[in-house]
Amino acid sequence: MDLGISGKRALVCASSKGLGRGCAFALAEAGVDLVLNARGSEALEATAAEIRSLYNVNVEAVAADITSEDGRAQVLKIAGQVDILVTNAGGPPPGMWTDWDRDDFISALDANMLTPIALIKALVPSMMERGWGRVVNITSVSVKSPIPVLGLSNAARAGLTGYVAGTSRQVASKGVTINNLLPGIHATDRAVSLDAGAAAQQGISPEEAKQNREAGIPTHRYGTATEFGATCAFMCSQHAGFMVGQNVLLDGGATVSTM
Ligand code: NAP
């Protein structure tokens with residue numbers, strides 16, 4: 001399917017690895033020029049080089065912490081006007097509800113709620129002026145079905161989801177859509193570290209922890225960054241102009257609900 005976005009320009013945050021990287025590849029395949037970002041430059045430059053070698057698109061890479069004001073300023077300076085924004089950052093650490101104090105919540109809110117909101121505020125006005133734009137926020141299955149050990153993530157992402165629910169309705173008449181893409185468990189470094197944490201807690205091997213988790217998913221496997229990226233690219237496509245304020249869940253059926 002031609003996604004109808006060839007020649008558009010996208011900022012894909014936190015995209016040297018994992019789900020953000022999957023989104024970057026899928027957008028590049030659709031002919032979208034990219035601004036990529038991550039803190040570490042080595043993996044970031046490697047991802048940028050791989051995309052340039054595979055697709056005929058322009059790729060710029062900005063090594064910066066997207067959750068800091070300085071980092072965002074660096075990224076936004078290079079990004080300039082973009083047509084597509086994919087927000088993403090690392091997720092907060094797991095733990096118990098008794099572990100977290102105010103500073104932990106402020107960090108989680110900064111990374112997973114206030115950073116995407118700041119990026120939306122910076123980039124959506126010019127999309128509205130030009131009459132077209134797409135924003136996809138990578139959030140988590142935890143907004144539909146809380147993950148008890150990820151209380152910081154549950155809280156911060158629920159806040160972003162509420163903001164998007166209202167704001168997406170305020171900008172839609174200008175051709176700009178804002179939606180959220182909710183990963184369930186996907187085979188990335190994040191999954192490896194969550195499996196390692198579960199293994200340590202339960203006194204089993206990481207491989208056993210993975211197998212236990214896979215057994216609880218109707219697909220009996222983790223999702224892939226490629227599948228995730230393809231869904232993201234569709235949500236950024238011309239065809240998704242009537243999709244507004246939605247929370248698209250990719251979890252292999254793990255969340256049991258009728259709707
Ligand atoms: P990942 O494989 O660990 O990749 C994270 C990417 O984000 C890397 O490129 C990393 O590069 C970059 N990054 C992290 N913090 C950053 C920051 N402050 N500024 C800029 N770049 C940053 O993680 P993932 O699995 O793709 O997860 C992406 C998001 O989805 C996370 O918020 C995660 O919590 C959420 N999620 C993932 C899953 C899953 O199963 N994978 C499930 C639910 C939710 P650098 O380290 O070099 O910065």
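What is the order of the strands in the open sheet, and in which sense do they pair? In this predicted model, the seven strands run in the order β3-β2-β1-β4-β5-β6-β7, with parallel pairing.

**Sheet**

- The edge strands are β3 (59-63) and β7, each of which pairs on one side only.
- From one strand to the next, the twist averages 15 degrees.
- Strand β1 (residues 9-12) pairs with strand β2 (residues 33-38) in the parallel sense, over four bridges. V12 has L36 in β2 as its bridge partner.
- Helix α3 (residues 69-79) packs on the sheet and touches β1, β2 and β3. The direction of α3 makes about 165 degrees with that of β3.
- Helix α5 also packs on the sheet, where it touches β5, β6 and β7. Between the directions of α5 and β6 the angle is about 155 degrees.

**Strand β6**

- On one side, β6 pairs with strand β5 (residues 133-138) in the parallel sense over six bridges. I178 in β6 is the bridge partner of V135.
- β6 also pairs with strand β7 (residues 247-250), again in the parallel sense, over four bridges. Here N180 stands opposite N247 of β7.
- β5, helix α5 (residues 151-171) and β6 together make a β-α-β unit, which is right-handed.

**Helices α6 and α7**

- Helix α6 (residues 189-202) and helix α7 (residues 206-215) have axes that come within 8 Å and cross at roughly 105 degrees. Angles of 65 to 115 degrees count as roughly perpendicular, and α6 and α7 are therefore roughly perpendicular to each other.
- The contact is formed by A191, L194, D195, A198, A199 and Q202 of α6 with P206, A209, K210, N212 and R213 of α7.
- By class, the residues of this contact divide into six nonpolar, two polar and three charged.

**Loop residue M243**

- M243 is in the loop between α8 (225-235) and β7.
- Its relative accessible area is 21%, so M243 is partly exposed; the cut-off for buried is under 20%.
- Leaving aside neighbours within four places in sequence, M243 contacts T177, N179, F234, M235 and V248.

- Where does A14 lie? A14 is in the loop between β1 and α1 (18-29), and its phi is near 50 degrees, a positive value in a residue other than glycine.
- H220 has a positive phi too, near 55 degrees, and is likewise a residue other than glycine. H220 lies in the loop between α7 and α8.
- Is H220 buried or exposed? With a relative accessibility of 54%, H220 counts as exposed, the cut-off being over 50%.

How values were computed:
Residues numbered from 1 in each chain as written. Predicted model: local features only at pLDDT ≥ 70, side-chain atom pairs only at ≥ 80, totals over all residues. Heavy atoms only, no water. Pairing = 2+ DSSP bridges. Helix = DSSP H or I, 4+ residues; strand = E, 2+ residues; numbered from the N terminus. Right-handed = clockwise from strand over helix to strand, strands pointing away. Axes fitted to C-alpha atoms, helices over the stretch in contact; angles between N-to-C directions. Parallel < 35°, antiparallel > 145°, perpendicular 65-115°, else oblique. Contact = heavy atoms within 4.5 Å. Nonpolar A, V, L, I, M, F, W, Y, C, P; charged D, E, K, R; others polar. Buried < 20%, exposed > 50% of the residue type's maximum accessible area, 1.4 Å probe, protein only.
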